[in-house]
There are 2 protein chains.
Amino acid sequence: MKRLTYLLLCLLMPAMAAAENAPVKYTDAASLTIVNKAQPGGPAFQRIDVARYPELTPTVTRYYRYSTGLAVVFRTDSRNIRARWTTVNQLPGANSTLIAQRGLDLYIRRDGKWVFAGVGVPSKSGTQHEAPVVEHMDTTMKECLLYLPLHDEIAALEIGTDEGALLEAAPDPFRHRIVVIGSSITHGTSASRPGMAYAARLGRTLGFGFINLGASGQCKLDTFFARIAAETRADAFLFDTFSNPSAQQIDERLEGFVRRIRESHPTTPLIFLQTEVRESGNFDLKKRAFEDAKREAARKGMEKILETDKNIWFINPGMKLGDDHEATVDGVHPTDLGFERMLKKVQPQIIRILQKHGIK
Amino acid sequence: MKRLTYLLLCLLMPAMAAAENAPVKYTDAASLTIVNKAQPGGPAFQRIDVARYPELTPTVTRYYRYSTGLAVVFRTDSRNIRARWTTVNQLPGANSTLIAQRGLDLYIRRDGKWVFAGVGVPSKSGTQHEAPVVEHMDTTMKECLLYLPLHDEIAALEIGTDEGALLEAAPDPFRHRIVVIGSSITHGTSASRPGMAYAARLGRTLGFGFINLGASGQCKLDTFFARIAAETRADAFLFDTFSNPSAQQIDERLEGFVRRIRESHPTTPLIFLQTEVRESGNFDLKKRAFEDAKREAARKGMEKILETDKNIWFINPGMKLGDDHEATVDGVHPTDLGFERMLKKVQPQIIRILQKHGIK
């Protein structure tokens with residue numbers, strides 16, 4: 001049977017080769033559906049319209065211009081899908097692939113599931129990229145979900161399809177809005193490709209909209225994050241807010257942070273994740289002490305908050321990375337393996353909590 | 001108790017800070033023990049002395065100059081370990097972190113196990129790097145295993161320890177020599193850091209010397225790979241030789257490849273891994289057909305070889321990546337998650353085969 005398939009495909013090859021060289025028609029992705037934006041309006045490929053929040057620090061301003069967590073959804077019967085895009089950063093990060101930082105990551109719905117189809121590999125230098133994403137497909141109509149870069153700003157993005165093929169905007173495939181505010185772990189710093197950030201994985205698995213507001217290294221329970229949460233429509237919030245602040249910052253800021261959000265979202269479920277035990281503390285006693293104190297401050301702070309608000313949840317441990325010390329790239333940032341281990345523990349708990357609040 | 005530890009550490013902090021700023025003494029790593037080299041001699045940080053093999057293609061010549069799989073082993077009681085090193089490549093790869101490509105990855109033996117301690121993060125541009133690897137440790141004597149870059153050539157490497165601390169070469173901690181010849185998957189292309197390439201993971205777990213001769217995209221059963229195998233001392237060979245060649249190349253070359261190795265290693269166990277089912281064929285019918293034909297050619301070719309040589313083994317499937325299509329960075333290269341899934345299936349089989357040959 002396999003041999004037969006192969007022979008059939010050999011016969012089809014000339015047609016495929018022709019398709020490969022067919023003229024490409026480019027469509028501005030801004031004219032398609034962009035999902036997972038935190039708020040309506042603002043530049044097409046930015047997760048937050050930073051002009052609304054002048055109080056953000058320069059780093060958070062820069063990060064919130066990134067397309068982290070956003071995806072373009074469309075339908076096409078094209079055999080080949082290409083992309084042309086422009087980013088703004090010059091240097092690569094050290095603990096992440098270029099594909100995750102400034103590349104594209106395509107999934108196609110098959111039998112109700114989002115199945116990996118291909119990546120758009122960015123150029124190794126410069127900010128102009130053009131690449132195939134997937135080629136030599138059959139011509140059935142397909143529902144596509146294209147994740148945008150995790151760690152760069154998109155200045156322009158065009159989707160290329162075969163001349164004569166159909167390309168149209170598709171409705172947002174995700175129901176509900178779960179807004180995730182957090183650190184580099186949420187930002188997806190060491191996910192291998194954009195769709196492997198844990199919020200994106202949760203979104204595909206549950207069919208829910210997960211809005212990624214991770215800001216690498218920046219999420220220290222600052223007032224502006226609370227204001228953004230307060231002004232963002234959400235069915236639930238997920239917080240990775242104990243990875244970046246010190247124990248002292250948690251002591252000082254946690255209650256005010258929650259109070260500010262509660263002014264606008266009095267009963268919306270708020271789910272807090274305890275931070276990971278960092279592998280960077282395996283031998284570094286200073287880091288270990290800092291992290292131990294931080295987790296202890298989070299535990300104590302949450303204990304107090306849970307006493308008075310039955311719609312707040314604390315998942316502790318919230319980021320279990322296994323016991324072999326092999327789940328991070330650098331002692332801090334979970335790899336796809338780390339995210340897999342973390343989700344294995346946390347996903348069922350998140351599902352259970354959301355279900356209690358009618359989110360299913 | 002935790003609170004007490006924290007208070008104690010707070011008292012220790014000033015001493016630690018002093019240690020942090022203590023003068024650093026640099027030692028040429030070439031004067032320490034370098035493990036996992038394929039053959040004796042040649043440049044210190046190169047896995048193969050390419051001058052011995054003028055028939056290599058330019059790409060394989062370049063790759064075999066890389067420090068892939070090599071590690072420096074030493075003992076030290078220094079609180080802090082730093083590194084200064086020089087690499088040669090200018091541009092980053094797209095599907096790998098800079099830490100994996102040109103960074104360092106340190107493990108320290110604790111209770112008989114190699115535990116992740118820290119990475120040396122390379123600079124984001126240029127070829128000169130200087131970074132802490134781990135800091136603020138206690139001053140007990142420690143056995144260290146520092147993996148070198150997976151995808152770059154090391155022109156110079158110095159280990160920095162606190163002035164006055166001891167630093168000495170340590171004996172090779174690994175017994176036996178398992179030589180692994182293969183593709184980018186063996187090369188560790190999308191491992192997050194050097195020690196996460198599957199050969200390195202097998203080495204740490206089993207306590208065996210795994211010599212990494214992966215050559216990204218190049219391993220097409222060429223005669224020169226057989227010659228290198230023939231001239232390399234090994235207790236066993238592991239082959240990932242079906243990831244790069246076409247079905248036709250496997251048909252034409254496999255028997256000659258094995259025959260050439262058997263001239264020098266008549267009874268050494270040769271373990272062949274079947275290649276992965278690539279996620280790049282999820283929708284790309286041309287790639288799917290190419291890959292199906294390749295795996296079928298490998299299966300048939302190995303079937304024939306196994307009939308006449310009882311010391312040859314074929315692990316099929318040899319690279320199981322799970323059924324969620326989420327274990328590669330780009331449809332081809334397993335991430336740490338892919339390697340984890342692959343090892344879960346393959347490691348027990350490798351152990352069993354090696355044990356049959358008295359390698360334990």
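Start by selecting Asp111(B), which sits in the loop between strand 5 and strand 6 of chain B. Strands here are DSSP runs of E with at least two residues, helices are runs of H or I with at least four, and both are numbered from the N terminus. Check the backbone: Asp111(B) has a positive phi of about 50 degrees, though it is not a glycine. Most residues other than glycine have a negative phi, and most peptide bonds are trans.

Before moving on, a word on what you have open: this is a predicted model, in which local features need pLDDT of at least 70 and side-chain atom pairs count only at pLDDT 80 or more, while totals for chains, interfaces and linings use all residues. Residues are numbered from 1 along each chain as its sequence is written, chains are lettered from A and ligands numbered from 1 in the order in which they are written, and side-chain values use heavy atoms, with hydrogens and water left out.

**Next stop: the cis prolines**

Select Asn316(B) and Pro317(B): the peptide bond between them is cis, with omega near 0 degrees. Pro317(B) lies in the loop between strand 15 (312-315) and helix 9 of chain B. Now hop to chain A, where a cis peptide bond joins Asn316(A) and Pro317(A), with omega about 0 degrees.

**Now show both chains**

How many residues of chain B are in contact with chain A? There are 57, and they touch 57 residues of chain A; contact means heavy atoms within 4.5 Å. Together the chains bury about 5,200 Å², 63% of it on carbon and sulfur atoms. That buried area is the accessible area (1.4 Å probe) lost on putting the two parts together, summed over both.

For a charged pair to zoom in on, pick Glu326(B) and Arg204(A), a salt bridge whose closest N and O atoms are 2.5 Å apart. The rule asks for a side-chain nitrogen of Lys or Arg within 4 Å of a carboxyl oxygen of Asp or Glu, and it finds six such bridges across this interface. Color chain B by element next: helix 1 (2-20), helix 8 (285-308) and helix 9 (336-356) are among those that each supply at least two residues of the side touching chain A. By class, that side has 26 nonpolar, twelve polar and 19 charged residues. Here Ala, Val, Leu, Ile, Met, Phe, Trp, Tyr, Cys and Pro count as nonpolar, Asp, Glu, Lys and Arg as charged, and the others, Gly among them, as polar.

A rotation of 180 degrees with 0.0 Å of shift along its axis puts chain B on chain A (RMSD 0.0 Å). The two copies are therefore related as by a two-fold rotation axis. They meet through the same surface, because 100% of the interface residues of chain B are also interface residues in chain A.

**Last stop: inside chain A**

Select Arg227(A) and Glu55(A), a salt bridge with its closest N and O atoms 2.7 Å apart. Arg227(A) is in helix 6 (residues 223-230), Glu55(A) is in the loop between strand 2 (33-35) and helix 2 (58-65), and the two are 172 residues apart. Over all chains, the structure holds 52 salt bridges.

Technical notes. Copies are superposed by least squares on the C-alpha atoms of residues with pLDDT of at least 70 in both.
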